[in-house]
Every structure is written in structure tokens, then in C-alpha cells.
Amino acid sequence: MTDYAKLADIAKLKTIEDRTAVEKHKELRAASCTFFEGVKAHLADEMKKANLELRKKKAPTFDRIHLPSFDGEIFLTYGTDSLCRVGRGIMKGGCRITAVISGPPNGYEISRREYRCKQEETCRIVLTIDEAEGRTTAFSPDEVAADIIAGILVGKFN
């Protein structure tokens, strides 16, 4: 015979644990949002600067695609060939911004760069990890945005 009273107690504890986990996740998310919003604003500025020069050269320009279901991500296009998906993630002790360039001929991933943020002073400084060389470089939000735009123009991240 099944003891439903005992199962009900276990279910109640699980519900409380789930709510606590959701609250902790919201706290981490709120902290990482400030940095991501800064990068998002600087990306818009960098796109404007780049588009001015690209129009002078009669080259393709940058555009931003807004997808309502993807509020935590930014989609940037360069002409009709390249797409860069910039997204945020939460890690223990900080946040993470990942930029992925996809392009022709098949839309597969061409290049990826990850920027990790330490949760100190609401992420004013970001560390980028170069896995090939094993080095770490510090960036500010405006430098992250400039690095992403430059990477899209070149077609890969250095």
C-alpha cells in the first residue's frame, strides 16, 4: 500500500526547493542583466559607427533583428551573408556572453567567442578566454561591443 501522506510531504518539500532555485536564478539574472544591457547599448553605437563607414564604401551594412521569443539574445546581420547571435548566460560567480557567427554556404557556425564576467562591481570588466592560446584578456562593455562588430566584419573572432 502506498503512503500518500509521506509522498505529499516529499512533493511539498520539492515545491519549496524549486521556488528557492527560481528565486536564486532571478537574482543572478538581474545582476547579469546590467552588464548585458551595457553591451547591447554599445553594440548599437558600434553598429552606427561601422554603418557610416560601410555606406561610404558602398558595402553591406549591419542590421539588428528582434525576435520577441529571444529577449536574452541579440541577432546582428552583416549584409545577407553573416548572422551573429549574441546571448547571455549565467554561471556560478558571474555571467557569460557568447557571440556566435554563422554564415554561408550552409548557415553553420563559423566562429565563436565567449566573454566571462566576474560578479564584482556588477561586471564592469569582462574576461575573454582564448582557448587556443590559453590566455585571458580583460574587456570593458564598449570593448566587447567593438570586438564583436570587428569579428563579424572579418568573418571570425581572433
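How many helices and how many strands are there in the chain? The chain has two helices and seven strands, where helices (H or I, at least four residues) and strands (E, at least two) are DSSP runs numbered from the N terminus. This is a predicted model, in which local features need pLDDT of at least 70 and side-chain atom pairs count only at pLDDT 80 or more, while totals for chains, interfaces and linings use all residues. Residues are numbered from 1 along each chain as its sequence is written, and side-chain values use heavy atoms, with hydrogens and water left out.

**Overall organisation**

- Along the sequence, the elements follow the pattern α-β-β-β-β-β-β-β-α.
- The chain contains 158 residues, of which 32% are buried; buried means under 20% relative accessible area, exposed means over 50%, and partly exposed lies in between (1.4 Å probe, protein chains only).
- Of the contacts (heavy atoms within 4.5 Å) between residues at least 6 apart in sequence, 40% join residues at least 24 apart.

**Strands 1 and 2**

- Strand 1 (residues 62-65) pairs with strand 2 in the antiparallel sense over four bridges; two strands pair if DSSP finds at least two bridges between them.
- Within this pairing, D63 has T77 of strand 2 as its bridge partner.
- Strand 2 (residues 73-78) is mostly covered, with five of its six residues buried.

**The largest nonpolar core**

- A nonpolar core is a set of buried Ala, Val, Leu, Ile, Met, Phe, Trp, Tyr and Cys residues joined through side-chain atoms within 4.5 Å.
- The largest such core has 24 residues, and those touching the most other members are L43, F62, L76, C84, V86, I148 and I152.
- At least two residues of this core come from each of helix 1 (4-56), strand 2, strand 3 (82-91), strand 4 (94-102) and helix 2 (141-154).
- Helix 1 gives the largest share of the core, seven residues.
- Apart from neighbours within four places in sequence, F62 is in contact with M47, A50, N51, L54, T77, Y78, I149, I152 and L153.

**Salt bridges**

- The structure holds eight salt bridges, each defined as a side-chain nitrogen of Lys or Arg within 4 Å of a carboxyl oxygen of Asp or Glu.
- One of them joins K40 and E37, whose closest N and O atoms are 3.5 Å apart. Both residues lie in helix 1, three residues apart, about one turn of the helix. E37 counts as partly exposed, at 39% relative accessibility.
- Another joins the side chains of R96 and E114 at 3.9 Å, N to O. This pair links distant parts of the chain, with R96 in strand 4 and E114 in strand 5 (residues 109-118), 18 residues apart. R96 is partly exposed, with a relative accessible area of 27%.
- E109 and R112 also meet through their side chains in a salt bridge, at 3.0 Å from N to O. E109 is partly exposed at 44% relative accessibility, and R112 is partly exposed at 47%.

**T98 in strand 4**

- T98 is placed in strand 4 and counts as buried, at 14% relative accessibility.
- Leaving aside neighbours within four places in sequence, T98 is in contact with R85, V86, G87, R112, R113 and E114.
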